[in-house]
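Hi,

Here's the structure I said I'd pass along. Have a look at it first, and then read on for what turned up.

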Amino acid sequence: MPMAGRREWIALAVLCLPTLLTTVDISVLVLALPRLSADLGMGATQQLWATDIYGFMLAGFIVLMGTLGDRIGHRRVLVTGAGAFIVASLVAAYASSTWILLGARGVMGIAAATVMPSVLALIGRMFPNPAQMGAAMGIWGSSIMLGVILGPVIGGLLLGAFWWGSIFLMGVPIMALVVVVGPRLLPDTANPEAGGLDVLSAVMSLAALLPFVYGLKEVARAGWAAQPVGAMVVGLAFAVMFVRRQRHLTVPMLDLRLFAMPVVGTTVVLGLVFGFIMGGTGLITTLYLQLVEGMTPVKVAVWMLIPSVAMIVGGNLGPALARKFKPGYVLAGGMVIASVGAVVMTQVSLAGGLSTLIIGLVILYLGSSPTATLANAVMMSNAPPEKAGAVGSLSSTGGELGVALGVALLGSVASAVYGSAVQVPAGLPPEQAVPAGESIAAAAAIAPTLPGPLGAELLGTARDAFTQALHGVNVITALLLLGLAVLLALGLRSVAPMAGPPGMGHGAPPESPVDTPAAGPAAGVGADTPGTEVRAEDLRDRV
């Protein structure tokens, strides 16, 4: 099996840059929102759309972009997306109205949707050797994690020195580099026998994903209501029509037979469930740090650097261990370790709770972080090369949907536990007692307006109740992680350890390749990896 050389490793470095950028761009706008609102006169609804429309469009277009890459080539899709990202970034940076900014952010999300499936498919083509692929995925996974860590830091530095538009301009030189060097460094992955893109299937996929993702985000933000539930029903209806059409096409846009492959099916389920876990855990953890521990968003970001370091270590350790042990067992063992972290977080108390929480998060991130690197490498080694983009888009979309579901459902669990545990002091008028009994954010806002002892009593019971909610969410998290461990051990049991040490030059083929009929590029698990930021300030009314 051929080994990658210097050209491929340089190309990998180039591919890591847009990956890091798209991760940073998910969270950086939140920091600039106060200035944006003042300069452009944004209302509350417009502020929420400004923060959400990027991720909303990204999730909705991933499947389409992945399949398009399989048809015309992932290099062409990525370079075109990078060019569109540059133009949209410039428009956003100098936007003179809210609607111009929202439109530019939407285009940026669509352009960013070209990155994940294209990058993963290109990595699979450039690194056919399983050992080198594991090393490449470790480097690529670290770029995602660095984006999560650096997002608030870079945003804060830019906003401290320049105007709000600077946060959009930071992506211009990165994407310009992709446009300039991409055609020279990246391989052509076009499939000449793929045929044209099925326009009707593409429309159906968007009609399925966009309303469903919108509904999930609205449920996560404001609770269950007719409008978001109706949107999800519409999305599901189009999804059924999309699936029926794919089954009857000779050359489908999305080959549903991929799900019959144990490795692909298992990894897609992993992305969905793991996104669910991290979405819900991220929300509740962030709320706990801000509303129970009383931290500012900046302090939360600083404290989260500690588990983020563990995340980088674990993400690179997974592929190394998979050269000695079966990847399925490595991933399953990581899930067991992560479940220990969730159990530790069930022991958080109001006295000394911060140290216990951070220790639990370190264990959780250390055990779960190989999901973003090793699972991708396994999937890339087992999916058909001509379906790389489609598989990558499936797993990425699964991660997006998982996060939204986790925020909505685990947020509802936390709300229920909080509501049953909080003891609102007697004497509060209904207009204060009702919201304080439903949300710790409301209780924290009401407490300072009450007389000293009464306010302290309300805040104390609210913090205690939310701590119990944190316990309840982590009990569910621990059980789900153990379930994932069983799924991975069984679903990936046929995948052999990855071959020898990953050299960077040319050499002999590995002695123990992954035991599949054909190794080739595939795609990734979950765009939302451990540590993906959940915007607590947009969601705290949910809990």
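Is the crossing of α13 and α15 left-handed or right-handed? It's right-handed. By class, that contact has 10 nonpolar, two polar and no charged residues. Before I go further, please keep in mind that this is a predicted model.

**The overall picture**

The protein has 21 helices and zero strands. There are 543 residues, and 59% of them count as buried. If you take the contacts between residues at least 6 apart in sequence, 84% join residues at least 24 apart.

On the α13 side you'll see Ile 306, Pro 307, Ser 308, Ala 310, Met 311, Val 313 and Gly 314. They meet Ile 358, Leu 361, Val 362, Tyr 365 and Leu 366 in α15.

**α15 with α14**

Helix α15 also pairs with α14, which covers residues 327-345. Here the axes come within 7 Å and the crossing angle is roughly 165°. That is over 145 degrees, the cut-off for roughly antiparallel, so α14 is roughly antiparallel to α15. α14 passes α15 in a left-handed crossing. The α14 residues in this contact are Gly 334, Met 335, Ile 337, Ala 338, Val 340, Gly 341, Val 344 and Met 345. From α15 come Thr 356, Leu 357, Ile 359, Gly 360, Leu 361, Ile 363, Leu 364, Gly 367 and Ser 368. Sorted by class, the contact of α14 with α15 has 11 nonpolar, six polar and no charged residues. If you click on Leu 361, you'll find it in the contact of α15 with α13 and in the contact of α15 with α14.

**α11 and α20**

The other pair I looked at is α11 (residues 262-292) and α20 (residues 452-491). Their axes come within 10 Å and cross at roughly 165°, so these two are roughly antiparallel to each other. The crossing of α11 and α20 is left-handed. By class, their contact has 21 nonpolar, six polar and one charged residues.

Two residues are handy for finding your way around this pair. Thr 477 is in helix α20. Its relative accessibility is 0%, so Thr 477 counts as buried. Leaving aside neighbours within four places in sequence, Thr 477 is in contact with Ile 277, Thr 281 and Ala 342.

Val 269 lies in helix α11. With a relative accessibility of 38%, Val 269 counts as partly exposed. Val 269 and Leu 484 are 215 residues apart in sequence, while their C-alpha atoms are 8.9 Å apart in space.

Cheers

Terms used
Residues are numbered from 1 along each chain as its sequence is written. This is a predicted model: local features need pLDDT of at least 70, side-chain atom pairs count only at pLDDT 80 or more; totals for chains, interfaces and linings use all residues. Side-chain values use heavy atoms; hydrogens and water are left out. Axes are lines fitted to C-alpha atoms, for helices over the stretch in contact, and angles run from 0 to 180 degrees between N-to-C directions. Helices (H or I, at least four residues) and strands (E, at least two) are DSSP runs, numbered from the N terminus. Angles under 35 degrees count as roughly parallel, over 145 as roughly antiparallel, 65 to 115 as roughly perpendicular and the rest as oblique. A crossing is left-handed if the near helix is turned anticlockwise from the far one by less than a right angle, and right-handed if clockwise. Ala, Val, Leu, Ile, Met, Phe, Trp, Tyr, Cys and Pro count as nonpolar, Asp, Glu, Lys and Arg as charged, and the others, Gly among them, as polar. Buried means under 20% relative accessible area, exposed over 50%, partly exposed in between (1.4 Å probe, protein chains only). Contact means heavy atoms within 4.5 Å.
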